[in-house]
Amino acid sequence: MAAPSIKVSETPLVLYLLRRADDALILGHRLSEWCGHAPMLEEDMALANIGLDLLGQARELYTYAARVEGKGNDEDKLAYLRDVRQYRNLLLVEQPNGDFAHTMVRQFFYSVFADLYWRAMMKSSDATLAAIAARSEKESAYHVRHSSEWMLRLGDGTAQSHARAQTAIEDLWAFTGEMFALDQAERALVDAGIAIDPAAIRPQWLMTISNIIGQATLARAKGDWMQQGGRIGHHSEHLGHLLSELQSLQRTFPGARW
Amino acid sequence: MATPTTPLWEVFIRSRNGLAHKHCGSLHACDATMALQAARDIFTRRGEGLSIWVVPSNAITASDPSEKGMMFEPAESKIYRHPTFYEIPEEVGHM
């Protein structure tokens, strides 16, 4: 009875949009997992708020991807009816929540990137993407502030919070390189002025995170080796579990509404 | 949960320019910066505000509920303190 996966015609622009939409959806879903479980009520609300911001970004990107593809798919089908190998998100965002420090370091790495990315994308020659960027940038700017303030307090807090934050930095560092990678499919979009070359924002990203990590009395991870694969559907074991929960209802009761 | 590391803060929101900040609730946070962020996330999610104040709850000096009689009851019988004995000209409109 389970609904089968859809086929998506991944032209360069559709693929590009799916990659960004998947980043937002998967990270937003991860944050939603904290709902009712955060260390304090105030943070429970804050994490859910950020998750909802990301879900909103994902919806706009999926809707636009479906329109560009023009094959009768829509935001729900793209989110609920693609298998794990069809997902195009960064490996970073699918990493499990772990402890609060892991969640916050993951958020910090991604939000600093996303804010620089959306700010640059406001100049995209694609009017729809530029509009999505303008809205998303305001949200991501707050996500940067929220996660940065927590980085300072975790790093410069107690011995335990410091150790946990440092471990999270080491554990997640190898997933940060993928944010700045550019493949052949995206190169043409960069040349057309639709997309940006993410390598151009890496120096600023590195400077911002080094600055906060330093202020937090933490240290950057030393390794340079970077894990990749999410952009072409090679995911860690965690994404399949996440999707089985995210998609279970629509897979079991296709088209269910309430 | 109240702990020594996350004291209580009172939150005041100004909903529009020209209006006063109004008390809207309280929250726990480790310091003023985090209290302001939490206030934004908890109390302005539906566009309720343009400005937020947070104040440590222990900075507020409150009247004692058991002194209600002495403090407030004497005012109840002084109706002459209400400006209800004046005729307000039409042109003044709502006061």
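Student: Which pattern does chain A follow when it is read along the sequence?

Tutor: This is a predicted model, and in it chain A follows the pattern α-α-α-α-α-α-α-α-α-α along its sequence. In other words, chain A has 10 helices and 0 strands.

Student: How does the radius of gyration of chain A compare with that of a compact globule?

Tutor: The general idea is to set the radius of gyration beside the value given by the globule rule, which is 2.2 Å times the number of residues to the power 0.38. For 258 residues a compact globule would have a radius of gyration near 18 Å, and chain A has 18 Å, which agrees. Taken along the principal axes, the box filled by the C-alpha atoms of chain A is roughly 55 × 45 × 30 Å.

Student: What share of chain A is buried, and what share of its contacts with a separation of 6 or more joins residues 24 or more positions apart?

Tutor: Of the 258 residues in chain A, 43% are buried, while 76% of the contacts with a separation of 6 or more are between residues 24 or more positions apart.

Student: How should I read the packing of one helix on another, and at what angle do α1(A) and α8(A) cross?

Tutor: Two packed helices are described by the angle between their axes and by the distance between those axes. Here the axes of α1 (residues 12–32) and α8 (residues 184–191) of chain A come within 9 Å and cross at roughly 100°, which means that α1(A) is roughly perpendicular to α8(A). On the α1(A) side the contact is made by Pro12(A), Leu13(A), Leu15(A) and Tyr16(A), and on the α8(A) side by Ala185(A), Glu186(A), Ala188(A) and Leu189(A). By class, the residues of this contact of α1(A) with α8(A) are 7 nonpolar, no polar and 1 charged.

Student: What pattern does chain B follow, and is it compact or spread out?

Tutor: Chain B has 2 helices and 3 strands, arranged along the sequence in the pattern β-β-α-β-α. Its radius of gyration is 19 Å, well over the 12 Å that the globule rule gives for 95 residues, so chain B is more spread out than a compact globule. The C-alpha atoms of chain B fill a box of roughly 55 × 40 × 15 Å along the principal axes, and 17% of the 95 residues of chain B count as buried.

Student: Finally, how many residues does each chain bring to the contact between chain A and chain B?

Tutor: Chain B brings 13 residues and chain A brings 8 residues. On the side of chain B that touches chain A, β2 (22–28) and α1 (32–43) of chain B each supply at least two residues, and α1(B) gives the most, with 6 residues. The residues on that side of chain B comprise 7 nonpolar, 4 polar and 2 charged.

Methods. Residues numbered from 1 in each chain as written. Chains lettered and ligands numbered in written order. Predicted model: local features only at pLDDT ≥ 70, side-chain atom pairs only at ≥ 80, totals over all residues. Contact = placed C-beta atoms within 7 Å. Helix = DSSP H or I, 4+ residues; strand = E, 2+ residues; numbered from the N terminus. Nonpolar A, V, L, I, M, F, W, Y, C, P; charged D, E, K, R; others polar. Buried ≥ 20, exposed ≤ 12 C-beta atoms within 10 Å, placed from the backbone. Axes fitted to C-alpha atoms, helices over the stretch in contact; angles between N-to-C directions. Parallel < 35°, antiparallel > 145°, perpendicular 65-115°, else oblique.
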